[in-house]
Amino acid sequence: MADHLASIYGTEKDKVNCSFYFKIGACRHGDRCSRKHVKPNFSQTVLLSNVYQNPAYDGVSNLTEEQLQEHFDLFFEDMFMELAKYGEVEEMNVCDNVGDHLVGNVYVRFKYEENAGNAVDGLNNRFYAGRPLYAELSPVTDFGEACCRQYEMGECTRGGFCNFMHLKLPSRKLEKELFQAQDESLRLQKKEKRKSGKDRSASRSRSPSRDRKRRDRSSERNERRRRGNGY
């Protein structure tokens with residue numbers, strides 16, 4: 001029985017836990033959902049709800065596709081640079097859905113759970129574009145399962161109201177530059193940490209107290225020699 005429950009946990013066959021919340025970290029029914037939304041105590045993934053405001057959906061925008069992409073790239077860079085301060089970012093995704101539970105959601109997966117926890121603590125006291133940020137740990141681990149495959153193939157008939165993620169993508173050049181910059185920063189941090197460790201080790205080996213003890217022992221040996229020679 002236990003094995004069966006474990007095998008269906010978070011799937012459509014699970015009549016207790018919400019499969020959409022398990023896969024996507026959000027549910028269109030919200031607190032009114034008839035199934036449980038089990039929020040994780042530990043996770044590598046952080047959800048920032050309703051952060052990105054796409055000008056294409058404000059009803060009055062006359063921006064070109066190129067300008068809309070530039071607008072999004074600036075947002076993506078801002079968020080990535082800020083989130084990377086909490087730890088190594090493995091993946092960051094932004095939803096382009098229009099449903100209330102997914103619109104503008106930012107999902108970031110850190111390399112370590114500790115970094116994700118620190119990000120939640122820090123970001124819930126922050127604002128972006130004059131609006132408060134709402135961060136929480138998310139159960140999402142596999143974005144392949146969370147994303148709409150039909151949308152990726154240009155075949156989704158539900159449009160922006162689809163309950164699976166429709167991701168808005170940054171320009172490839174920007175994404176590559178951001179991850180390269182992060183890799184270089186981490187490399188320099190590790191190098192500095194190793195150097196600092198060596199400096200502390202050298203400092204301990206040459207500490208005044210140790211040098212003083214060596215001099216005291218040397219003086220004692222010389223004194224014993226002088227006494228043995230009758231001085």
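The model is a predicted one, in which local features need pLDDT of at least 70 and side-chain atom pairs count only at pLDDT 80 or more, while totals for chains, interfaces and linings use all residues. Residues are numbered from 1 along each chain as its sequence is written, and side-chain values use heavy atoms, with hydrogens and water left out.

**Stop 1: the largest pocket**

Select G25, A26, C27, G30 and H101, which lie nearest the centre of the largest pocket among its 16 lining residues. A pocket here is an open set of points on a 1 Å grid over the protein atoms alone, where a 1.4 Å probe fits and protein lies on both sides within 12 Å along at least five of seven lines; lining residues have an atom within 4 Å of a point. The volume is about 360 Å³, meaning the space filled by probe spheres set on the points, which are joined across faces, edges and corners. Colour the lining by type and you will find four nonpolar, seven polar and five charged residues. In this scheme Ala, Val, Leu, Ile, Met, Phe, Trp, Tyr, Cys and Pro are nonpolar, Asp, Glu, Lys and Arg are charged, and the others, Gly among them, are polar.

**Stop 2: the second largest pocket**

Next, move to the second largest pocket, with about 260 Å³ of space. Of its 13 lining residues, A84, K85, Q182, S185 and Q189 are the closest to the centre. Which helix gives the largest share of this lining? It is α7, with six residues. Show α3 (65-83) along with α7 (172-205), as each supplies at least two lining residues; helices (H or I, at least four residues) and strands (E, at least two) are DSSP runs numbered from the N terminus. The lining divides into seven nonpolar, four polar and two charged residues.

**Stop 3: salt bridges**

The term requires a side-chain nitrogen of Lys or Arg within 4 Å of a carboxyl oxygen of Asp or Glu. K85 is exposed at 62% relative accessibility, whereas E82 is partly exposed at 22% (buried is under 20% relative accessible area, exposed over 50%, partly exposed in between, with a 1.4 Å probe and protein chains only).

The whole structure holds eight salt bridges. Another of them pairs K39 with E136, at 3.8 Å between the closest N and O atoms. K39 sits in the loop between α2 (19-24) and β1, and E136 in strand β6 (residues 135-138), so this pair ties together parts 97 residues apart in sequence.

**Stop 4**

Now pick P132 in strand β5, which is partly exposed with a relative accessible area of 38%. Setting aside neighbours within four places in sequence, P132 is in contact (heavy atoms within 4.5 Å) with R126 and F127.

A129, in the loop between β4 (127-128) and β5 (131-132), has phi near 55° and is exposed at 64% relative accessible area. N50, in the loop between β1 (45-48) and α3, has phi near 50° and is partly exposed at 29%.
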